[in-house]
Amino acid sequence: MHSTSSRFGKILPSICLALFINLANANEATPLAEDPVVEQRLIDISQEMRCLVCQNESLAGSRSDLAQDLRREIRDLIKQGKTDAEIRAFMVERYGDFVLYRPPVKPTTWLLWIGPFALMFAGILALLMYLRRRNAQVITRALSDDENKRIDALLRDNK
(Lines give C-alpha, C1' and ligand atoms only; values in the text may rest on other atoms or scores of the structure.)
Protein backbone atom coordinates (compact mmCIF):
# COMPACT_ATOMS: atom_id res chain seq x y z
CA MET A 1 0.00 0.00 0.00
CA HIS A 2 2.90 2.31 0.74
CA SER A 3 4.25 1.95 -2.80
CA THR A 4 0.86 2.92 -4.32
CA SER A 5 0.61 6.12 -2.32
CA SER A 6 4.20 7.06 -3.14
CA ARG A 7 3.50 6.58 -6.89
CA PHE A 8 0.39 8.69 -6.54
CA GLY A 9 2.44 11.31 -4.72
CA LYS A 10 4.81 11.48 -7.70
CA ILE A 11 2.04 11.58 -10.34
CA LEU A 12 -0.15 14.17 -8.60
CA PRO A 13 2.24 17.12 -9.13
CA SER A 14 2.49 16.21 -12.85
CA ILE A 15 -1.29 16.17 -13.20
CA CYS A 16 -1.60 19.52 -11.40
CA LEU A 17 1.11 21.03 -13.62
CA ALA A 18 -0.66 19.81 -16.79
CA LEU A 19 -3.99 21.29 -15.61
CA PHE A 20 -2.33 24.59 -14.73
CA ILE A 21 -0.70 24.82 -18.17
CA ASN A 22 -4.06 24.11 -19.88
CA LEU A 23 -5.79 26.78 -17.80
CA ALA A 24 -3.03 29.28 -18.53
CA ASN A 25 -3.33 28.66 -22.27
CA ALA A 26 -7.14 28.74 -22.32
CA ASN A 27 -8.60 31.58 -24.35
CA GLU A 28 -12.02 33.12 -24.25
CA ALA A 29 -14.45 31.73 -26.80
CA THR A 30 -14.18 33.75 -29.97
CA PRO A 31 -17.43 35.03 -31.43
CA LEU A 32 -18.57 33.61 -34.75
CA ALA A 33 -18.41 37.04 -36.34
CA GLU A 34 -15.71 39.62 -35.93
CA ASP A 35 -18.37 42.28 -35.41
CA PRO A 36 -20.78 41.78 -32.46
CA VAL A 37 -23.41 43.94 -34.23
CA VAL A 38 -23.38 41.56 -37.21
CA GLU A 39 -23.65 38.59 -34.86
CA GLN A 40 -26.61 40.12 -33.00
CA ARG A 41 -28.43 40.85 -36.28
CA LEU A 42 -27.73 37.27 -37.38
CA ILE A 43 -29.25 35.94 -34.16
CA ASP A 44 -32.30 38.21 -34.43
CA ILE A 45 -33.00 37.23 -38.03
CA SER A 46 -32.31 33.52 -37.61
CA GLN A 47 -34.61 33.26 -34.56
CA GLU A 48 -37.53 34.24 -36.81
CA MET A 49 -36.71 31.51 -39.33
CA ARG A 50 -37.43 27.79 -39.23
CA CYS A 51 -34.71 25.20 -39.73
CA LEU A 52 -35.73 23.38 -42.90
CA VAL A 53 -34.25 20.11 -41.60
CA CYS A 54 -35.53 20.15 -37.99
CA GLN A 55 -38.74 22.11 -38.77
CA ASN A 56 -39.59 22.61 -35.10
CA GLU A 57 -36.42 24.53 -34.26
CA SER A 58 -35.36 28.01 -35.16
CA LEU A 59 -32.46 28.52 -37.50
CA ALA A 60 -30.57 30.08 -34.58
CA GLY A 61 -30.97 27.02 -32.36
CA SER A 62 -30.46 24.26 -34.89
CA ARG A 63 -27.18 22.37 -35.20
CA SER A 64 -27.88 20.82 -38.59
CA ASP A 65 -25.41 21.34 -41.41
CA LEU A 66 -28.02 23.16 -43.49
CA ALA A 67 -28.77 25.55 -40.62
CA GLN A 68 -25.07 26.34 -40.27
CA ASP A 69 -24.85 27.00 -44.02
CA LEU A 70 -27.90 29.26 -43.91
CA ARG A 71 -26.54 31.20 -40.94
CA ARG A 72 -23.26 31.65 -42.82
CA GLU A 73 -25.21 32.90 -45.84
CA ILE A 74 -27.22 35.32 -43.69
CA ARG A 75 -23.98 36.58 -42.13
CA ASP A 76 -22.57 37.21 -45.63
CA LEU A 77 -25.72 39.10 -46.64
CA ILE A 78 -25.46 41.25 -43.50
CA LYS A 79 -21.83 42.05 -44.33
CA GLN A 80 -22.92 43.00 -47.87
CA GLY A 81 -25.13 45.68 -46.30
CA LYS A 82 -28.52 44.05 -46.93
CA THR A 83 -31.38 45.08 -44.65
CA ASP A 84 -33.24 42.58 -42.48
CA ALA A 85 -36.25 42.82 -44.80
CA GLU A 86 -34.07 42.12 -47.85
CA ILE A 87 -32.53 39.10 -46.14
CA ARG A 88 -35.96 37.72 -45.21
CA ALA A 89 -37.20 38.31 -48.77
CA PHE A 90 -34.15 36.47 -50.14
CA MET A 91 -34.76 33.50 -47.85
CA VAL A 92 -38.50 33.37 -48.70
CA GLU A 93 -37.74 33.62 -52.42
CA ARG A 94 -35.30 30.76 -52.13
CA TYR A 95 -37.10 28.46 -49.65
CA GLY A 96 -40.73 29.63 -49.59
CA ASP A 97 -42.90 31.00 -46.79
CA PHE A 98 -42.33 27.83 -44.77
CA VAL A 99 -38.89 29.15 -43.74
CA LEU A 100 -40.61 31.86 -41.66
CA TYR A 101 -41.99 31.01 -38.23
CA ARG A 102 -44.72 33.59 -38.82
CA PRO A 103 -45.58 33.39 -42.52
CA PRO A 104 -47.63 36.25 -43.97
CA VAL A 105 -51.39 35.79 -44.27
CA LYS A 106 -52.12 35.33 -47.96
CA PRO A 107 -54.07 32.78 -50.01
CA THR A 108 -51.15 30.37 -50.24
CA THR A 109 -50.72 30.33 -46.44
CA TRP A 110 -54.37 30.35 -45.37
CA LEU A 111 -54.18 26.64 -44.56
CA LEU A 112 -51.24 27.30 -42.21
CA TRP A 113 -53.19 29.98 -40.37
CA ILE A 114 -56.73 28.54 -40.43
CA GLY A 115 -55.93 24.80 -40.50
CA PRO A 116 -55.35 24.29 -36.76
CA PHE A 117 -58.58 26.12 -35.86
CA ALA A 118 -60.55 24.19 -38.50
CA LEU A 119 -59.22 20.88 -37.14
CA MET A 120 -60.10 21.90 -33.58
CA PHE A 121 -63.61 22.95 -34.64
CA ALA A 122 -64.11 19.67 -36.54
CA GLY A 123 -62.93 17.70 -33.50
CA ILE A 124 -65.31 19.51 -31.15
CA LEU A 125 -68.17 19.04 -33.62
CA ALA A 126 -67.41 15.30 -33.92
CA LEU A 127 -67.27 14.97 -30.11
CA LEU A 128 -70.62 16.73 -29.68
CA MET A 129 -72.25 14.52 -32.33
CA TYR A 130 -70.83 11.38 -30.67
CA LEU A 131 -72.06 12.45 -27.22
CA ARG A 132 -75.51 13.32 -28.56
CA ARG A 133 -75.81 9.91 -30.28
CA ARG A 134 -74.58 8.09 -27.18
CA ASN A 135 -77.07 9.92 -24.95
CA ALA A 136 -79.90 9.05 -27.37
CA GLN A 137 -79.01 5.35 -27.06
CA VAL A 138 -79.17 5.34 -23.26
CA ILE A 139 -82.46 3.85 -22.12
CA THR A 140 -84.02 5.70 -19.22
CA ARG A 141 -86.68 4.07 -17.13
CA ALA A 142 -88.31 4.92 -13.86
CA LEU A 143 -87.35 2.92 -10.79
CA SER A 144 -89.93 0.83 -9.02
CA ASP A 145 -90.95 1.52 -5.41
CA ASP A 146 -88.91 -1.48 -4.20
CA GLU A 147 -85.79 -0.24 -6.00
CA ASN A 148 -86.21 3.25 -4.52
CA LYS A 149 -86.57 1.79 -1.02
CA ARG A 150 -83.38 -0.31 -1.47
CA ILE A 151 -81.46 2.76 -2.65
CA ASP A 152 -82.69 4.79 0.34
CA ALA A 153 -81.65 1.96 2.70
CA LEU A 154 -78.18 1.77 1.11
CA LEU A 155 -77.74 5.51 1.42
CA ARG A 156 -78.79 5.48 5.10
CA ASP A 157 -76.39 2.62 5.86
CA ASN A 158 -73.43 4.47 4.29
CA LYS A 159 -73.91 7.61 6.41
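Guide: Axes are lines fitted to C-alpha atoms, for helices over the stretch in contact, and angles run from 0 to 180 degrees between N-to-C directions. Helices themselves are DSSP runs (H or I, at least four residues), numbered from the N terminus. This is a predicted model, in which local features need pLDDT of at least 70 and side-chain atom pairs count only at pLDDT 80 or more, while totals for chains, interfaces and linings use all residues. Residues are numbered from 1 along each chain as its sequence is written, and side-chain values use heavy atoms, with hydrogens and water left out.

Visitor: At what angle do the axes of α2 and α3 cross?

Guide: They cross at roughly 125° and come within 10 Å. That makes α2 oblique to α3, since angles under 35 degrees count as roughly parallel, over 145 as roughly antiparallel, 65 to 115 as roughly perpendicular and the rest as oblique.

Visitor: Which residues of α2 are buried?

Guide: Buried means under 20% relative accessible area and exposed over 50%, with partly exposed in between (1.4 Å probe, protein chains only). In α2 the buried residues are Val38, Glu39, Leu42, Ile45 and Ser46. Seen down the axis of α2, they fall within an arc of 130°, taken from the directions from the helix axis to the C-beta atoms, so they line one face of the helix. The face turned away from that buried side carries the exposed residues Pro36 and Val37.

Visitor: What covers the buried residues of α2?

Guide: The cover includes α3 (65-79) and α4 (84-95), where contact means heavy atoms within 4.5 Å.

How values were computed. Helices (H or I, at least four residues) and strands (E, at least two) are DSSP runs, numbered from the N terminus.
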